[in-house]
Amino acid sequence: MTEKLYVSSSPHVLSPEDVPKIMRHVIYALIPTVGGAVYFFGLRALAVIVLCGAVAVITEAVILAVRKKKVSTIMDTSALLTGILFALTLPPSVSFGTAAIGAFIAVAVGKQVFGGFGQNIFNPALVGRAFLQAAFPVEMTTWVPPRVLQKVDAVSFATPLGGFKFSHLMTSHTSLFLGSVGGSLGETSALLIIIGGIYLLWRRYIDWRIPVSACASLVLLSAIFYLINPQKYPDPVFMLFAGGFMLGVWFMATDPVTSPVHPKAVWIYGAGIGFLVVIIRLFGGMPEGIMYSILFMNALSPMLERFTRPRMLGEER
Amino acid sequence: MIERALKGGVHPDECKLTAPSPIENFPCPERLYVPLQQHLGRKARPMVKKGDVIAKGQKIGEADGFISANIHSPVAGKVKSIDKVMLPNGVFDDAVVIDVDQESNSVAEPTWPLKPVDDLTPDDIRTIAREAGIVGLGGATFPTAVKLSPPENVKIDTLIINGAECEPYLTADHRLMLEHTDEVIRGAELVRRAVGAEKVFVGIEKNKPDAIKKFDGILKRKDGWEVVALKSVYPQGAEKNLIKVITGREVPVGGLPFNVNVAIQNVGTVYSLYRAASEGIPLIERVVTVSGDGVKKPGNFRIPFGVMAREVLEHCEARFGEIEKVIFGGPMMGMSIKGYDVPVIKSTSGILCFVKAVRREPYGCLNCGRCVEVCTLHIAPTRVVKLVRAAKWDEVKKAGIMNCMECGCCAYVCPSKIPLVQWIRYGKFMLRKMEAQR
Ligand code: SF4
Ligand code: SF4
């Protein structure tokens, strides 16, 4: 009769949710968007996404091995997710070499430099993207039209936001919503992104406050400008669906590691992203501002957290 | 009847397998190991020595001070020795070892006056609670007499009887409410009289519809009494939560229920109080749920204190050898024991055996916020634990760690499987240690 009993601290039951499962489901939620990328930009898009995913996973595995950590944690698929998300932010014509460098930076600098899973301050995919933006500015802002619009002159082709900023061209809301416009691989179709986002909300894998507060603040602020001068400023619906806002808000801003958890902090964080996007888009030098907005709010998040501790039950404040 | 629901919390599989099993009297073994520390507070002082012949219900341990409790012998027999036994928390402590005399039916006279219960005054009721060694049977084992003695300047207006039993697996309170409805209500009436409350609420979770129906049938004709049907959520039965859910009042941080004019007692406690008052039987046994996939015959048993888990599990045909984990109490707050030679004591609401122990493989914190969402005391566990790990003790204290009731919701829900409660206990331990050194 063996009598060795396993002793551990309570609780003695654990919920069925775990990290690998959550990561897996976020990847599932990206399936429509990945499908859209292939539909709009051809099989090359798939090649870029697969490449970035592979580079991310290999980078993580090598670094874990070098740091003598358990390499098996690669199975949590968080590196794969970073790679895919990163790929979706790239222009369709990006070279494979550039894409691979960025994916490497995303995992190596964006995540592992900070100490690995859960330690990073900035969204790793966006760190990779920001690096490429600085290192290869021209390549990162050269756009090709989606396959449905091949007739368009490809040389001077611009994204809806770029078109508006530099030539005051307006894109129809329907094309923006469906995705038959220029832009990064995964950002063009608001519809496909929202499908994935709603899936995540339904599974409760993302905090609903983030998309709600970010969208609300973007719409409110841009509506104010639009009402002041409809000739000069774009309408709020355009602002909502153009560029990378949808992809950023649903899939990058909601990254739990780099967003706050105290409810009040979350509201401020989301609202801050919407606010900054409007300011950068309307008054900055670049047509798009979602990347910097998220990175900035990521940096602010630990401080927001510190000042928003929830009121404890029975606490006088 | 009114309905209420706790905000936050978790809902693990209920697994109340033994809900239909009537309470059985556990056959008394040959020898009992009755610990002197079965309650919160100071250990009782032994009143017997080796060789003493004792009667059933005889006081064998005397409360040592205000926050302590008397201990009585559950059986007639002879004191073999006073020896160390392992308590559920793994600590070795003194126990009176009694060789049971199965023939003898000598019963000790109660050390309190036996009167018709309707004539008992508040002071009588407090005396009974103290003398009979009654403690909170919901798990905290706080001496009941102390809870029945609020400060003079406090007016208690509401009494809550806690029949939530929100821990998975446990059904002891459920069976008690079904089989001893009248005694529970009469016990509650004694408490009501002792604290002077006008309003009495009996809170029962909706996973016990039969108990709700039974209580409502009686209480709807009783002025000032009401059944509260609670949506099943863990940890609704925690005092502060139940008070908030039923009365809307928030017990202040570091305070007690009387600070918001509420008294709260578990159904098992009031039942024991009633038995002491009406029959003169002190607290010498309790209902224990034996369950889990490690036993072939689960059930609810009335077990005398001092019976070893080994004997209980033999009776329930445990799969010894296959069992990896045994828990005293419920799976959320109970303690996993190191061996089978641990006696049933006043806090033992259940003995659960599992063939497979859940093992954690912690990841780094995903910062997902689930722990923050479920903590019904709004403690923000992830932040507290990060501060503990960084040894920032001042901030740890300010973050409210001492307020944590260790309900386990945060650690249950954590997708990174971080043993949050263990870290919080460690943090509390360190803070207490530093305080003591000062
Ligand atoms: S539930 Fe776990 S992973 Fe999520 S924030 Fe809390 S401690 Fe971190
Ligand atoms: S912090 Fe304490 S009170 Fe809050 S959920 Fe965790 S164990 Fe329960």
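This is a short talk on a few spots in the structure above.

Okay, some ground rules. It's a predicted model, so local features need pLDDT of at least 70 and side-chain atom pairs count only at pLDDT 80 or more, while totals for chains, interfaces and linings use all residues. Residues are numbered from 1 along each chain as its sequence is written, chains are lettered from A and ligands numbered from 1 in the order in which they are written, and side-chain values use heavy atoms, with hydrogens and water left out.

Let's begin with strand E15 of chain B, residues 299-304. Helices (H or I, at least four residues) and strands (E, at least two) are DSSP runs, numbered from the N terminus. How many residues of E15(B) are buried? Six of the six, so the strand is largely enclosed by the rest of the structure. Buried means under 20% relative accessible area, exposed is over 50%, and partly exposed is in between, using a 1.4 Å probe and protein chains only. Both faces are covered: B:Gly299, B:Phe301 and B:Ile303 on one side, B:Asn300, B:Arg302 and B:Pro304 on the other.

And who are the neighbours? Strands of a sheet pair through backbone hydrogen bonds, either parallel or antiparallel. Here, two strands pair if DSSP finds at least two bridges between them. E15(B) runs parallel to strand E2 of chain B (residues 23-25), with three bridges, and B:Glu24 has B:Phe301 as its bridge partner. With strand E14 of chain B (residues 285-291), E15(B) is antiparallel, over six bridges; there, B:Arg286 stands opposite B:Ile303.

Now zoom in on B:Arg302, buried with a relative accessible area of 12%. Its contacts (heavy atoms within 4.5 Å) include B:Glu24, B:His180, B:Tyr271, B:Glu285 and B:Arg286, leaving aside residues up to four places away in sequence.

Chain B also has an open antiparallel sheet of three strands, in the order E4-E6-E7. E4 (45-46) and E7 (71-72) stand at the edges with a single partner strand each, so one side of each is left without a neighbour in the sheet. E4(B) and E6(B) (residues 59-62) share two bridges, and B:Arg45 is partnered by B:Glu62.

On to the ligands. A residue counts as near if one of its heavy atoms lies within 4 Å. Around ligand 1 we find, among others, B:Cys365, B:Cys368, B:Cys371 and B:Cys414. By class, that shell has eight nonpolar, four polar and no charged residues. Ala, Val, Leu, Ile, Met, Phe, Trp, Tyr, Cys and Pro count as nonpolar, Asp, Glu, Lys and Arg as charged, and the others, Gly among them, as polar. Ligand 2 has 10 nonpolar, one polar and one charged; its shell includes B:Cys375, B:Glu406 and B:Gly408.

Last stop: rings. There are 16 aromatic pairs over all chains. Rings of Phe, Tyr and Trp (its six-membered ring) pair if their centres lie within 6.5 Å; planes under 30 degrees apart are stacked, over 60 edge-to-face, and the rest tilted. A:Phe225 and A:Tyr233 make a tilted pair, 5.2 Å centre to centre with 50° between the planes. A:Phe225 also pairs with A:Phe283: centres 5.3 Å apart and planes at 65°, so this pair is edge-to-face. Buried or partly exposed: what is A:Phe283? Partly exposed, at 45%, whereas A:Phe225 is buried at 17%.
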